[in-house]
Amino acid sequence: MVFVKSWEDFEIAAENMYMANPCQCRFTMKYTHHRGAVLLKLTDNAKCVQYKTEVLSELRRIEKFSGNLIQMMASKE
């Protein structure tokens with residue numbers, strides 16, 4: 001499991017992983033209330049990319065990324 005340091009690196013790695021093998025990828029998001037932390041994880045059973053943040057200003061980026069990823073998962077292409 002790899003924790004990526006920057007948001008941009010996580011976004012690129014996650015999109016590349018999904019495009020390489022869309023049928024095997026899973027995306028999870030976990031919020032820990034007492035820490036105020038959000039953990040994002042994308043895995044294809046061979047590789048795993050994770051990103052953790054406690055900065056609330058990044059929630060908008062996370063929301064946009066999640067929406068784009070779900071849209072890609074729901075499309076037929």
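Which backbone nitrogen lies 3.2 Å from a polar atom of the side chain of T43? I found the backbone nitrogen of N45 there.

A note on ground rules: this is a predicted model, where local features need pLDDT of at least 70, side-chain atom pairs count only at pLDDT 80 or more, and totals for chains, interfaces and linings use all residues. Residues are numbered from 1 along each chain as its sequence is written, and side-chain values use heavy atoms, with hydrogens and water left out.

**T43.** I placed T43 in strand β3 (strands are DSSP runs of E, at least two residues, and helices runs of H or I, at least four, numbered from the N terminus). T43 is buried, at 10% relative accessible area (buried is under 20%, exposed over 50%, partly exposed in between, with a 1.4 Å probe and protein chains only). Its side chain also reaches the backbone oxygen of K47, at 2.9 Å. Setting aside neighbours within four places in sequence, I listed M17, Q24, C25, R26 and C48 as contacts of T43 (heavy atoms within 4.5 Å).

**Helix α2.** Next I checked the length of α2, residues 59-74: its 16 residues should span 22 Å at 1.5 Å a residue, and the end C-alpha atoms are 22 Å apart, which agrees (the expected span is 1.5 Å times one less than the number of residues). I62, F65, S66 and L69 are the buried residues of α2. They cover an arc of only 100° around the axis, so they sit on the same side of α2 (the arc uses directions from the helix axis to the C-beta atoms). On the other side, R60, E63, K64, Q71 and A74 are exposed. The cover over the buried residues of α2 includes α1 (7-20), β2 (26-32), β3 (37-43) and β4 (48-53).

Conventions
Polar contact = N/O pair within 3.5 Å; in protein donor to acceptor, adjacent residues only side chain to side chain.
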